[in-house]
Amino acid sequence: MKYYGICPASCGEFVQGIVDRDEYLCSYAIDLYSTAEVEEKLNNINIGPSKSRKAIEAVFKKFNIPIEESKNISLKIKSKIPVGKGMASSTADIGATIGATLGLIKKELSNEEIANLASTIEPTDSIYIEKNNIFNPLNGEVIKYLGNIQDSRVVILEPNRTLNTMRIRKTPNYKKIKIKNKDITKISFNLLEEGIKNNDLYSIGKASTFSSLANENIHQKEGLEKIIEISKNYGAYGVNVAHSGTVIGILIDKYMNDTRLIELLRNAGLDSVYKKIYTSNIIDGGIRRSQTWNTSKIL
């Protein structure tokens with residue numbers, strides 16, 4: 001019998017940085033997904049991606065099931081999430097795999113417990129949690145729940161260039177530079193919290209733009225200031241980045257003409273760098289799992 005876990009992507013983070021010497025982030029989920037399919041088999045076992053395989057073993061260890069018993073689990077991952085762009089592709093694969101594995105062994109974990117378990121495999125992401133939240137990526141701990149936002153979308157600028165998250169974290173003086181940004185990071189988180197509380201996209205956008213610009217001394221995004229200028233003139237709410245990736249997002253609502261905005265970006269020549277420019281809906285986070293999930297609607 002097959003079991004499925006489904007986890008959404010992110011388009012980077014609203015805000016990320018160091019507050020009180022620890023690093024926190026608030027990412028947001030979009031309607032691109034990774035789906036994991038698991039089943040027990042005697043032969044023709046598909047191993048799947050290494051991190052997702054570790055996720056199966058982590059679930060078995062969590063419930064004191066001998067890891068040897070996981071060897072007969074066949075794993076397949078299907079995903080539309082771009083890899084190496086800061087859109088939580090491996091995070092989503094891991095989360096989807098944990099969800100599917102829990103279904104197979106008939107066990108339950110909260111999304112918060114799944115986030116904590118995933119953090120033992122690699123630094124993780126707040127998209128596992130249904131509500132937007134301030135989150136520690138190193139231990140999977142939710143620091144504060146902020147709530148959900150409604151009727152919002154993001155125009156995504158995706159370059160061909162990829163970036164390894166761990167490589168960014170190993171940048172010389174990474175933490176020292178992050179600490180230098182701590183004041184603007186604190187202001188950004190305060191603005192973000194107020195914005196989500198009131199479903200005020202202007203405050204959310206302002207917080208995101210502040211955090212995006214502060215991150216330039218860690219990893220520069222080509223054309224960021226031009227993108228901010230175009231989005232502001234258009235009337236968008238703000239610009240966010242994947243702080244450890246390469247994508248940029250422009251925050252809009254469901255009523256705005258995203259086609260016109262994309263046209264303005266292309267007319268400015270930004271598509272020479274950002275080869276794919278497209279729109280996604282901002283959705284609630286959380287891992288979905290089912291024994292009979294119709295994945296054809298999302299893959």
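Over residues 54-122 the chain is 49% helix and 10% strand, with the end C-alpha atoms sitting 10 Å apart. That stretch is what the unreviewed UniProt entry labels "domain: GHMP kinase N-terminal". Keep in mind that this is a predicted model. Here's a quick tour, going from the annotated stretches to the whole chain and then to a handful of residues.

**Annotated stretches**
- Residues 193-255 come out at 48% helix and 16% strand, and their end C-alpha atoms are 23 Å apart.

**Overall build**
- In secondary structure, the protein has nine helices and 10 strands.
- The radius of gyration is 19 Å, which agrees with the value near 19 Å that a compact globule of 299 residues would have.
- Along the principal axes, the C-alpha trace spans about 60 × 40 × 35 Å.
- If you look at contacts with a separation of 6 or more, 74% of them link residues 24 or more positions apart.

**Surface and charge**
- Of the 299 residues, 55% count as buried.
- The protein exposes about 13700 Å², and carbon and sulfur atoms supply 46% of that area.
- On the charge side, there are 41 positive and 34 negative side chains, and the centres of the two sets lie 4 Å apart.

**Two loop residues with positive phi**
- Arginine 21 sits in the loop between strand E1 (3-19) and strand E2 (22-40).
- Phi of arginine 21 is near 75°, a positive value in a residue other than glycine.
- Arginine 21 has a relative accessible area of 56%, so it counts as exposed, the cut-off being over 50%.
- Asparagine 64 also has a positive phi, near 55°, and again the residue is something other than glycine.
- You'll find asparagine 64 in the loop between helix H1 (50-62) and strand E3 (73-79).
- With a relative accessible area of 71%, asparagine 64 is exposed as well.

**Glycine 245, a buried loop residue**
- Glycine 245 belongs to the loop between strand E7 (238-241) and strand E8 (248-253).
- Its relative accessibility is 0%, so glycine 245 counts as buried.
- Leaving aside neighbours within four places in sequence, glycine 245 is in contact with Lys85, Gly86, Leu163, His219 and Lys221.
- Leucine 75 is 170 residues from glycine 245 in sequence, and the two C-alpha atoms are 27 Å apart in space.

**Two partly exposed lysines**
- Lysine 2 is in the segment before E1.
- At 35% relative accessibility, lysine 2 falls between the 20% and 50% cut-offs and therefore counts as partly exposed.
- Lysine 182 lies in helix H6, which covers residues 182-197.
- Lysine 182 is partly exposed too, at 42% relative accessibility.
- Between lysine 182 and glutamate 57, 125 residues apart along the chain, the C-alpha separation is 37 Å.

Notes
Residues numbered from 1 in each chain as written. Predicted model: local features only at pLDDT ≥ 70, side-chain atom pairs only at ≥ 80, totals over all residues. Heavy atoms only, no water. Helix = DSSP H or I, 4+ residues; strand = E, 2+ residues; numbered from the N terminus. Rg over C-alpha atoms; globule rule 2.2 N^0.38 Å. Buried < 20%, exposed > 50% of the residue type's maximum accessible area, 1.4 Å probe, protein only. Contact = heavy atoms within 4.5 Å. Areas by Shrake-Rupley, 256 points an atom, 1.4 Å probe, with all protein chains shown as cover. Lys, Arg positive; Asp, Glu negative; His and termini not counted. Charge placed at Lys NZ, Arg CZ, Asp CG, Glu CD. UniProt positions renumbered as here; feature names shortened; annotations may be inferred.
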